[in-house]
Amino acid sequence: KLFHRRRRGGRSSLHRGRPLLAAGMPPNPMADEAPFAVNADSNEGIEASLYPSRQVVSRTHSWLVAAFMFVGLSMCITVDILQYSMPLAFLPSVLEDRGHEPMEIATAIGVYYWTGFAGGLVITSYQVYKLLVETPTEQEEEVTVGTIRRQIRYLIYGLFFGTVTLMLQALHPHVQMHTWCRFVQGMAGAVIFFYAFLLSVQLFTGRQQTAAMTAASMALNVAEVLGSTLGAWIYDSYGQRAVFWALMVASVINQAVLVGVILMVRGDGTFKPPSPTHAVALTRENMAEGCQRLRKVLQSRRMACSVILIITAAAVKASVEEVLPFHADHRWGLQPLEIGHLFAVIAVAYIGSAVAAGRIWEQLKETRVLFGAVWLAFLGFATWGVFLTATFWKSRGVLLAWLIFYGIGLGLTHTPAALLLADAVEHEQGRAKEAVNAIWNTMWEAGGSIGFLLGGLLAEDYAKQLQLFGSYTICCSASALAMMMLAGVGWFCVGGKESHREGAPMSKDSPLAAMKDSLTAAGTVRHKDYGSAS
């Protein structure tokens with residue numbers, strides 16, 4: 001009321017909307033600029049209290065608060081993926097019964113991944129551009145409360161677009177509507193995935209960060225495989241329109257939860273002054289510095305290993321999800337609800353293995369890349385076994401056993417890929433964090449897009465399906481070998497908090513540490529230069 005008192009008679013001494021400093025009133029905390037000069041050395045605490053959005057975000061939470069945040073962020077991924085996976089068990093059969101061609105059906109299903117890949121390319125291009133042209137600042141490492149809240153709002157916007165498309169699918173469930181709505185959902189999903197994984201790293205640290213990334217990975221894959229079971233049950237009981245109405249309600253609930261997460265974001269009491277305007281002129285000097293930063297990002301072995309792991313595993317999983325409903329229908333004669341049960345078996349195996357991977361991740365330390373590589377090779381063989389069953393055994397029990405092996409392989413590849421991403425993002429600074437996250441998410445979308453395309457082309461050709469999954473077996477083994485070669489003997493801290501390439505402390509027992517000590521004693525190598533020298 002004091003800020004906006006009506007004028008009485010002549011000009012009021014209290015100007016409309018101006019802070020009342022003389023009366024002892026604090027300035028408007030939502031103002032963009034400080035209305036008076038402040039001595040930063042003596043009044044940093046005052047600034048932090050007056051401008052909460054400029055505080056450095058606190059990454060330490062009670063486990064109860066952290067769990068609520070896990071749920072909010074992971075639920076974004078779950079709702080987005082359920083939009084794709086819940087119709088997976090019944091939509092191919094429904095559209096096939098209506099006389100649509102297999103490629104038209106595959107397009108209606110797989111367009112989600114294709115447009116998600118396109119959206120990921122746009123986000124990655126933007127982040128790389130900013131990395132090239134922006135001038136780093138000293139405050140670049142810290143993330144403010146205002147930045148985190150803005151990123152959570154982007155998640156809400158993406159979910160809102162998904163809500164609208166789900167309503168349209170429920171009102172008019174035909175192939176053209178499914179195709180166009182899934183097109184929009186894929187674009188919105190690219191934004192949701194980018195910020196959900198980025199926030200899971202920026203909001204937490206230590207064991208809570210590991211738990212957040214494990215939850216995000218589980219939300220992604222469990223929603224894909226378990227969503228088919230849930231969709232098949234709702235379809236069998238209430239019809240296909242009910243599936244989309246249920247998804248719309250879940251999306252609205254998720255948006256309400258994210259509002260609660262915004263309210264829970266707090267600062268650590270440290271004030272971050274506004275950063276100076278970044279130079280965006282494409283000068284030769286700026287481009288040279290930007291290219292050096294981009295080169296450093298692309299040479300990150302953490303990122304390279306996580307990208308190889310996720311793109312290969314995503315391609316395999318996407319092809320299985322595209323082909324398995326047709327395979328179960330044509331080769332086994334299963335109904336949509338029975339097909340959903342197959343996906344439920346995969347989901348249970350995945351959840352168990354993902355939880356196990358998250359629990360032992362801190363103990364793996366120097367063998368994290370090896371762990372992911374071994375299970376990637378296992379995933380290739382398990383996938384091939386699922387589709388060989390119809391030829392050699394034709395036993396439902398054998399099929400379920402191979403699906404369990406396949407689910408375990410999924411959990412022990414996708415979860416380590418997400419945790420390796422967290423390590424890679426954590427070791428970058430400023431805009432490079434967002435660039436690494438964008439590249440990883442785009443490569444995940446690329447793997448899924450390739451897998452869906454190949455699965456759609458071969459959906460009704462059983463012989464070529466076996467050739468495809470046999471080729472995936474070879475690709476998984478080759479990718480696992482490439483990961484181990486990148487990790488290398490002597491790159492001992494690939495997944496931990498230390499890295500020789502960045503000049504951080506090494507394990508005292510490593511042979512490179514002994515070499516460094518001898519060279520340092522001779523005065524030939526400085527400690528801060530050893531990382532690049534090695």
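Visitor: Which residues does phenylalanine 469 touch, not counting residues up to four places away in sequence?
Guide: This is a predicted model, in which local features need pLDDT of at least 70, side-chain atom pairs count only at pLDDT 80 or more, and totals for chains, interfaces and linings use all residues. Residues are numbered from 1 along each chain as its sequence is written, and side-chain values use heavy atoms, with hydrogens and water left out. With contact taken as heavy atoms within 4.5 Å, and residues up to four places away in sequence set aside, the residues that phenylalanine 469 touches are Ser319, Val320, Val323, Thr383, Trp384 and Phe387.

Visitor: Is phenylalanine 469 buried or exposed?
Guide: Phenylalanine 469 lies in helix α15, helices being DSSP runs (H or I) of at least four residues, numbered from the N terminus. Buried means under 20% relative accessible area, exposed over 50%, and partly exposed in between, with a 1.4 Å probe and protein chains only. Because its relative accessible area is 0%, phenylalanine 469 is buried.

Visitor: How far apart in space are phenylalanine 469 and leucine 388, C-alpha to C-alpha?
Guide: In sequence, phenylalanine 469 and leucine 388 are separated by 81 residues. In space, their C-alpha to C-alpha distance is 9.4 Å.

Visitor: What is the relative accessible area of serine 479?
Guide: Serine 479 also has its place in helix α15, which covers residues 462–487. Leaving aside its neighbours within four places in sequence, serine 479 is in contact with Ile308, Thr312 and Leu376. Serine 479 counts as buried, its relative accessible area being 13%.

Visitor: Which helix supplies the largest share of the nonpolar patch?
Guide: A patch is made of residues with over 30% relative accessible area and no salt bridge, nonpolar side chains (Val, Leu, Ile, Met, Phe, Trp, Tyr) being joined within 5 Å. This surface patch, whose members include Phe160, Met167 and Trp180, has about 1100 Å² of accessible area together. Both α5 (145–171) and α6 (175–202) supply at least two of its residues, but the largest share, 7 residues, comes from α5.

Key. Patch = residues over 30% accessible without salt bridge, like charges linked within 9 Å, V, L, I, M, F, W, Y side chains within 5 Å. Areas by Shrake-Rupley, 256 points an atom, 1.4 Å probe, with all protein chains shown as cover. Salt bridge = Lys/Arg side-chain N within 4 Å of Asp/Glu carboxyl O.
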